[in-house]
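Okay, everyone, thanks for coming. Have a look at what's on the screen, and I'll talk you through a few spots I picked out.

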Amino acid sequence: MANKLNVDGVLLFEQPFVRVPYENYRKVFRTSQRHVERDLKAVQATAADLAKQSSSTSVSSDAAIQSIDAMISTVENLKRKLSDLQESSGKPTQDVIRERLQHLATIETIPTPSDPEFGRWADTRLDRWLVDWALRNGKEKTARMIAKEKHIETLVDIDLFSDIKRIESALGRHSCTEALAWCSENKTALRKMKSTLEFDLRLQEYIELARAGRRQEAIDYSKKYIAPWHETHLDQIQQAITLLAVRPDTSYGRYKRLYDPARWPSLTHSFRLAIYSLNTLPTEPLLHLSLYAGLASLKLPACYAPASKNVDCPVCDGDVGTPSGSASTSTSTAGQLGFGKLAEEVPFSHHANSTIVCYITGKIMDADNMPLACPDTGYVYSREVSVVIWKLFVDAMDELQAMEEMSLKNDGVVTCPRSKATCKFSALRRVYIS
């Protein structure tokens with residue numbers, strides 16, 4: 001079925017949609033696991049000690065009861081902590097995962113893209129992408145307003161981007177505390193990613209101690225937090241140690257770079273890349289990626305030739321300038337550029353099968369609407385042409401007509417709207433699409 005909905009293609013953009021709440025629940029699970037391991041380890045140690053005492057020496061009943069009560073109290077505290085964690089973070093995250101999976105499952109029941117249900121689903125997806133764009137561009141208030149009005153609070157990641165904004169703001173104030181806390185929470189995942197973010201943050205804190213002239217504190221800090229990275233970052237560590245003997249206003253290349261305040265924006269960028277990678281978020285807004293994909297599927301060399309623009313093609317919209325890879329000579333304002341200017345950044349589309357679209361109507365030409373070529377000029381049009389366009393070139397046409405009807409009202413003669421050449425209708429040559 002040619003117009004069947006391509007579910008796999010739709011889902012290509014949706015991995016982050018499910019991955020973000022999944023990562024949040026992994027954090028809840030790891031926190032629960034730490035509580036269980038720590039408290040049960042204490043209970044096991046107490047039980048083993050009590051068993052050892054009872055087998056070697058006589059243990060008073062009061063002491064045994066006191067130890068058992070302590071174990072029961074520890075287990076009850078563990079149960080309460082796990083219950084609170086489940087209610088505060090676990091269950092809400094599970095609800096988000098469930099709603100998002102149900103939202104994605106909807107498209108599997110939609111047969112065609114023309115189904116009204118798909119239109120509603122696509123509108124919701126567009127709202128999600130608009131919220132994503134607003135969050136990435138620091139417009140949190142706008143994002144919250146859209147999410148609330150469209151009732152999609154559980155389908156967007158406002159909390160995640162709020163955390164990103166909080167940590168990046170701290171880095172902007174030259175504080176690594178918040179970012180290091182995040183690294184500690186995600187230590188295992190960052191290690192699997194082979195991320196150096198934690199080392200870079202530790203190195204920056206060491207540099208700030210050296211910049212302030214607090215040499216002893218810097219030495220103690222390096223022994224505790226930087227020396228453990230010697231197997232993978234020995235050269236950087238050696239430079240950092242030498243930094244204690246160099247003034248912050250040095251002009252010597254490698255040390256000047258370490259003291260450079262521009263390292264802070266670089267750390268912010270590294271943090272954002274790390275958190276995006278952890279949650280499989282693309283570095284660009286999903287709205288941009290969808291536009292790129294759509295424009296790349298439509299972009300053809302013909303879109304950049306004024307004589308072959310199509311009225312219904314977004315890439316042909318506005319002043320498209322020059323194709324990607326060529327110097328743009330357009331002097332139009334941003335508001336006049338349209339999608340054609342945006343399409344310059346994407347590659348040309350690749351079509352395995354040819355599709356011919358009428359220059360006049362914008363309709364696809366096929367067996368039902370056959371393409372006809374003018375014999376002298378070679379221009380190709382569809383058999384069905386709207387009078388709204390043809391009336392600009394042929395007088396006395398008051399309703400929609402086909403080229404054949406036009407020829408009947410003009411003694412069998414048709415006029416090419418571009419070359420103004422005329423010919424008999426019978427002279428038009430049918431074009432076969434291969």
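So, helix H10: its buried residues pack against helix H9 (197–211) and helix H11 (230–242). Keep in mind that this is a predicted model.

Which residues of H10 are buried? H10 runs over residues 215–226, and the buried ones are Ala218, Tyr221, Ser222 and Ile226. If you look down the axis of H10, those buried residues fall within an arc of 105°, so they line one face of the helix.

Okay, next spot: Glu14. You'll find Glu14 in the loop between helix H1 (7–11) and helix H2 (15–56). Buried or exposed? Glu14 counts as buried, because its relative accessibility is 3% and the cut-off for buried is under 20%. As for who Glu14 touches, leaving out residues up to four places away in sequence, the list is Leu104, Trp121, Arg125, Arg128 and Trp129.

Now let's zoom out. The protein chain has 17 helices and 9 strands. Of its 434 residues, 35% are buried. Take the contacts with a separation of 6 or more: 58% of them are between residues 24 or more positions apart.

How values were computed: Residues are numbered from 1 along each chain as its sequence is written. This is a predicted model: local features need pLDDT of at least 70, side-chain atom pairs count only at pLDDT 80 or more; totals for chains, interfaces and linings use all residues. Side-chain values use heavy atoms; hydrogens and water are left out. Helices (H or I, at least four residues) and strands (E, at least two) are DSSP runs, numbered from the N terminus. Buried means under 20% relative accessible area, exposed over 50%, partly exposed in between (1.4 Å probe, protein chains only). Contact means heavy atoms within 4.5 Å. The arc is that of the directions from the helix axis to the C-beta atoms.
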